[in-house]
Amino acid sequence: MSSLRYGFRCLRDFRATATQHVRSSAFIAASPSSRPRRTLTTTTPAQDDGFAQLQLALNKAPPRTPSVRPVPASPSYFSRHVVFNDSFVLIQDLARKYGRLPTVASSQAERVAWKTKEQYRLAVGEAVKGRDYSSCMKLAKRLHLIHPDLMPQEVRDGIRPFKRDINMYLNVAKPIPIDRFGRSHGAGRRKASVARAWLVEGTGEVLINGKTLNDAFGRVHDRESAMWGLKLMDRMDKYNVWALVEGGGTTGQAEALTLAISKALITHEPALTSRLRKAGCLTRDPRIVERKKTGHLKARKMPAWVKR
């Protein structure tokens with residue numbers, strides 16, 4: 001195609017030169033002072049028509065499209081951590097741009113649940129290094145301290161990927177009501193045991209699955225564990241307890257009752273919440289029995305080694 005274009009260009013230049021030569025010859029022949037001369041033309045009407053057709057076909061030919069190299073939309077396209085690097089660069093730009101805005105104390109700023117490194121890795125699917133993530137979080141927390149009335153919208157959008165979807169600090173505990181009979185309800189769990197307890201003001205009577213405390217728990221330690229919340233607050237003779245327990249053994253049932261009775265107690269007397277929490281009566285014990293492993297006699301016990 002390029003050689004054809006070059007040939008047509010040469011013909012066009014040659015035609016223009018020949019036409020100019022013919023005009024100059026005709027002018028010389030028309031002048032009265034010059035002698036008549038013969039002129040020679042190099043083109044014919046048929047050749048002119050063919051050249052015009054070729055030139056028209058050449059102009060209608062589709063133009064060649066130059067090869068275009070695709071450019072990635074993100075400057076971090078060729079790095080290992082595309083999403084994190086883009087977010088980090090954006091945070092750095094925002095810190096340089098809005099770092100001089102007035103800030104508030106950390107105690108007055110809105111409490112935010114930030115993503116940990118593991119949570120961010122799981123969210124973006126990239127193995128972000130701890131050092132880089134801590135540096136980015138330091139800038140993000142600094143931007144979060146900007147006064148809420150002066151914080152630009154792009155700052156809010158920039159630090160949003162590092163916040164958790166659910167802010168645990170905005171959760172409000174659901175109050176446990178006291179029914180029309182004056183009873184408060186509490187539930188507790190420990191290992192495989194589940195306990196439900198109802199407290200009502202009375203003389204200190206206790207019924208567990210329709211049995212007295214001594215019949216329900218044979219060990220003294222289990223009895224003390226079940227009633228530890230009332231005993232610690234010196235409320236043994238003030239409330240009657242009716243409870244239902246199921247699953248697990250006696251130790252798990254007794255410790256599940258501790259949590260259930262303590263929750264029901266703070267419904268009647270919310271002022272005892274801090275004391276019961278410090279005593280550990282309102283904290284769920286997450287410990288469970290460790291599973292047995294293959295090749296072990298128990299969870300960790302190995303069979304005795306025999307030389308022969």
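The model is predicted, so local features need pLDDT of at least 70 and side-chain atom pairs count only at pLDDT 80 or more, while totals for chains, interfaces and linings use all residues. Residues are numbered from 1 along each chain as its sequence is written, and side-chain values use heavy atoms, with hydrogens and water left out.

**Overall fold**

- The protein chain has 11 helices and four strands. These are DSSP runs numbered from the N terminus: helices are H or I with at least four residues, strands are E with at least two.
- Of the 308 residues in the protein chain, 27% are buried. Buried means under 20% relative accessible area, exposed over 50%, and partly exposed in between (1.4 Å probe, protein chains only).
- Take the contacts between residues at least 6 apart in sequence: 70% of them join residues at least 24 apart. A contact means heavy atoms within 4.5 Å.

**Helix H5**

- Helix H5 spans residues 130–144, and its end C-alpha atoms are 21 Å apart.
- H5 buries Tyr-133, Cys-136, Met-137, Ala-140, Leu-143 and His-144.
- These residues lie on the same side of H5, because they cover an arc of only 115° around the axis. The arc is that of the directions from the helix axis to the C-beta atoms.
- That buried side packs against helix H3 (82–98), helix H4 (117–124) and helix H6 (153–159).
- Exposed Arg-131 and Lys-138 sit on the face of H5 turned away from the buried side.

**Pockets**

- A pocket is an open set of points on a 1 Å grid over the protein atoms alone, where a 1.4 Å probe fits, with protein on both sides within 12 Å along at least five of seven lines; lining residues have an atom within 4 Å of a point.
- The largest pocket holds about 220 Å³ of space.
- Its lining has 13 residues, and Glu-255, Thr-258, Gly-280, Cys-281 and Thr-283 lie nearest the centre.
- Strand E1 (184–190) and helix H10 (250–268) each supply at least two lining residues there. H10 gives the most, with three.
- The second largest pocket holds about 180 Å³.
- Ala-173, Lys-174, Pro-175, Ile-176, Lys-263, Ile-266, Thr-267, Pro-270 and Thr-273 line the second largest pocket.
- H10 gives the most to the lining of this second largest pocket, with three residues.

Notes. The expected span of a helix is 1.5 Å times one less than its number of residues. Grid points are joined across faces, edges and corners, and a volume is the space filled by probe spheres set on the points.
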